[in-house]
Amino acid sequence: MNGFIVRVLVPAAAMMLCSTSIAAQTNPYTANADLSPANKAARLHITQGPALELANRNSAIIRWTSNNPGGADEHFGVVTYGTDPKNLNQIAKSHIRLNRNHPYTVFRVRVDGLQPRTTYYYTVDSMEGNGTRDGVKSPIRHFTTR
């Protein structure tokens, strides 16, 4: 009987203690899927930047921080840019998921397809996944590719 307990019952008890019911587990990526959108910020503003994080011959990364815009968790950082500051006619977007527990949000947008040794002008904004802009448009800034 002692051999039976050691070979069968002890491993079975250990499995029961160490395992978690699959039904009780939640997916951290979909845990908030049923939540309604968070309240929008009363006043959205850029707290840092926008600034050029990186630029090479044909791409750049623009970064900025704002207070948390609220609304839908699915958001995009948006850079509107062009070679003429009076005609910013190109758009680059990067997806982000807002963290409702953070008072601020860091946006980073990669801008591809740029020409070498060219000056680009840009503004930044953010928008919800449905295309609704947050209305935090920055002043026009510029950078030059290598």
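What you see is a predicted model, where local features need pLDDT of at least 70, side-chain atom pairs count only at pLDDT 80 or more, and totals for chains, interfaces and linings use all residues. Residues are numbered from 1 along each chain as its sequence is written, and side-chain values use heavy atoms, with hydrogens and water left out.

Now the overall layout. We have 1 helix and 7 strands, taken as DSSP runs numbered from the N terminus (helices H or I, at least four residues; strands E, at least two). Along the sequence that reads α-β-β-β-β-β-β-β.

Of the 146 residues, 32% are buried, meaning under 20% relative accessible area with a 1.4 Å probe, protein chains only. Then contacts, so heavy atoms within 4.5 Å: take those between residues at least 6 apart in sequence, and 62% of them join residues at least 24 apart.

On to the sheet. Four strands form an open sheet in the order S4-S3-S6-S7, with antiparallel pairing; two strands pair if DSSP finds at least two bridges between them. Which strands stand at the edges? Those are S4 (90-97) and S7 (141-144), each with a single partner strand, so one side of each has no neighbour in the sheet. On average, neighbouring strands here are turned by 30 degrees against each other, direction ignored, using axes fitted to C-alpha atoms.

Last stop, the S6 and S7 pair. S6 covers residues 119-128 and is joined to S7 by 4 bridges, running antiparallel. If you want one to click on, Tyr-121 has His-142 in S7 as its bridge partner.

Terms used. Buried means under 20% relative accessible area, exposed over 50%, partly exposed in between (1.4 Å probe, protein chains only). Axes are lines fitted to C-alpha atoms, for helices over the stretch in contact, and angles run from 0 to 180 degrees between N-to-C directions.
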